[in-house]
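Please consult the sequence and structure shown here.

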Amino acid sequence: MKKSYLYIALMAFTGLTACKKDVESRFYDPDKLNANVTDVIPGLFTQLITNNKIFVQDYGEWYYLMNPGTGITGYEQVAQRYVSYRYDWFSSYNDLVSGNGFDDTPISQQSFFENSYTKLKNYEVIKDSVDLRSGQLKADGDVYLKLATFVKLYQCGKLVDFFNSIPYFDAFQGVKGGTEHLFPKYDDAKQVYVSIIKDLGTLVNDLPNAYNQMSDPAKTIFRQQDYAFKGDINKWIAFINFTRLKLLVRMAGVDETFAKPLIQEALGKPLPAADLNWAMWYKIDVLGGGTWQRGLYENTYASFIPNIIMKRLNYGDSTYQPGIDDPRLPVLAMPTKYKDYRGVSANIEEQTALYNSGQKYYAYADNIKLSLERNAKSTYNHATFHRNENMPVYMVSQGEVDLLLAEIALKNLGNTGKAAEEHIKDEVVHSINFWYTINQLSTYERGTIDSLLYPNRPTGAVIDAWGEKIKAQFLAAATLDDKMEILMQQKYIHLNLLQPYELWAELRRTRHPKLEPFTWHSSVWKPMPERVHYPTIELTNNPDNFSKVAGENNTTSPIFWVPADKRGVLPYWDNYNYQ
């Protein structure tokens, strides 16, 4: 590496046209390198970690994820339309076979599968380049290769969580020839997970030495190019180890003998000790940009908070009462025209009666006055979510780590150093602080109605008391299953719209939290979509290999990591009178 420059290949990054001048002033396009700059690997790495659909969530994907109310966010009851019988397409909500019910097209038809492989091409280029190097030049590129390898492993883990079997071992081979690499076979999902877990462990062990072997000029460039953690290799190591631990906990439900010793091993390695999030180099354009906030903004009418979350936030009457209600309520939710908080129900019979009686809403997030005057139900907070131009890219938070450790302690999968209930309390404290911090990053309607959109952060004593309250609920739960219900309720509150894919994976794996049955006229339904379809292009481009997994091409076959005793379990309350 010759000079301490920034190199990047982001000029064609979706949604950044308006930011092109700023990008050109701050980055060097690797296609326009001068004679003194010959290394494009740092720029390829930056492009890899900032690509949409990996860590940065994507506009088009989110638009269709939210819009109909029959996608992942709707069926997992993280966000929904204010459904009444005027939405006749919900009459097929229980249909998981024909495609008329559960809508998986934001994944299967929005090129998530194909884009994952395409956007990981930079991994292949980086690998081919570093493999050809020697000496210090190789040492200076090795950290980029290891981190690019992690991005590949991270994304392939998500692909398994969506599709089960995926092309893996013969994919990502760079310049290697042969049809087995151009049209790779589908590999067993469990074997893929085992391989990913093994490789993540190797990265955790090898990254410190790889970083130490970089030259000082190379470390300077790395700090400039690493948009996620600004060259802090310890944060990368902690995040990689957390990712490995999360996959191991999923594996433990189907192969505890394999997973349990590795869980203990991972617990002995660094885990994130702070929220790991990062900001884009430009203010997010929620009205016309390429990131997920635009999709959320344009589908405000599909971001009402379902009762399954609202009833965990609002314990007393429908107003917010400090000490009685969850302190996160006013930063997560918008108040209604009644100056209180009301979720939407899956009992469409009762909800239609409310809607027809005049309990309507304002469908957008462009006029705060009209939202507060007309909304009879609570959407997610406009300032925190819809209009937050400073919303960071989420990697992992302390609260999510706490919940993972709580499950490990609860199920005796490893020694975390604390009881499960202590981890639960830690999560509540960390989550409250996390969401008040995210809320305060926003600038929407500052100086107008701050008390509603930007409530004051609770005192430490109030936060601690709420942590103790949830801890007591957890301790009072009679069985392991009851305790998992409380744990997953907290995961829903904490991750909500920020990580709906993660919550869907956890819902399918644990069958918690229990959802509201969907009542449509006299029919009471409890649908449980298990996975998404493969993209139709695979049937055309890779037919021989695809034929071997064609039996999985549905939405009802569980992913391999669903435990045997959870398969067929429908995670629903029997009625609407739940705790």
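The model is predicted. It holds four cavities of 30 Å³ or more, and the largest cavity contains about 430 Å³ of space. Its lining comprises 31 residues, with Tyr154, Lys158, Gln499, Tyr501 and Glu502 nearest the centre. The lining of the largest cavity divides by class as tabulated below.

| Residue class in the lining of the largest cavity | Number of residues |
|---|---|
| Nonpolar | 18 residues |
| Polar | four residues |

At least two lining residues of the largest cavity come from each of helix H3 (59–66), helix H8 (135–163), helix H12 (233–252), strand S4 (393–396) and helix H25 (500–510).

In soluble globular proteins, nonpolar side chains tend to be buried together. Here, the largest nonpolar core has 170 residues, and Phe55, Phe222, Trp236, Phe239 and Ile263 have the most contacts inside it. Helix H8 makes the greatest contribution to this core, with 14 residues. Leaving aside residues up to four places away in sequence, Ile263 touches Leu245, Leu248, Val249, Ala252, Ile408 and Leu413. Another core, of seven residues, lies apart from the largest one and includes Met334, Ile368, Ala383 and Tyr444.

Helix H11 (residues 216–225) has Ala218, Lys219, Ile221, Phe222 and Gln225 as its buried residues. Viewed down the axis of H11, these buried residues fall within an arc of 160°, so they line one face of the helix. Among the elements covering the buried residues of H11 are helix H2 (41–50), H8, helix H10 (189–212) and H12.

Technical notes:
Residues numbered from 1 in each chain as written. Predicted model: local features only at pLDDT ≥ 70, side-chain atom pairs only at ≥ 80, totals over all residues. Heavy atoms only, no water. 1 Å grid on protein atoms, 1.4 Å probe; cavity = no way out; pocket = protein on both sides within 12 Å on 5 of 7 lines; lining within 4 Å. Points joined across faces, edges and corners; volume = space filled by probe spheres on them. Helix = DSSP H or I, 4+ residues; strand = E, 2+ residues; numbered from the N terminus. Nonpolar A, V, L, I, M, F, W, Y, C, P; charged D, E, K, R; others polar. Core = buried A, V, L, I, M, F, W, Y, C linked by side-chain atoms within 4.5 Å. Buried < 20%, exposed > 50% of the residue type's maximum accessible area, 1.4 Å probe, protein only. Contact = heavy atoms within 4.5 Å. Arc of directions from axis to C-beta.
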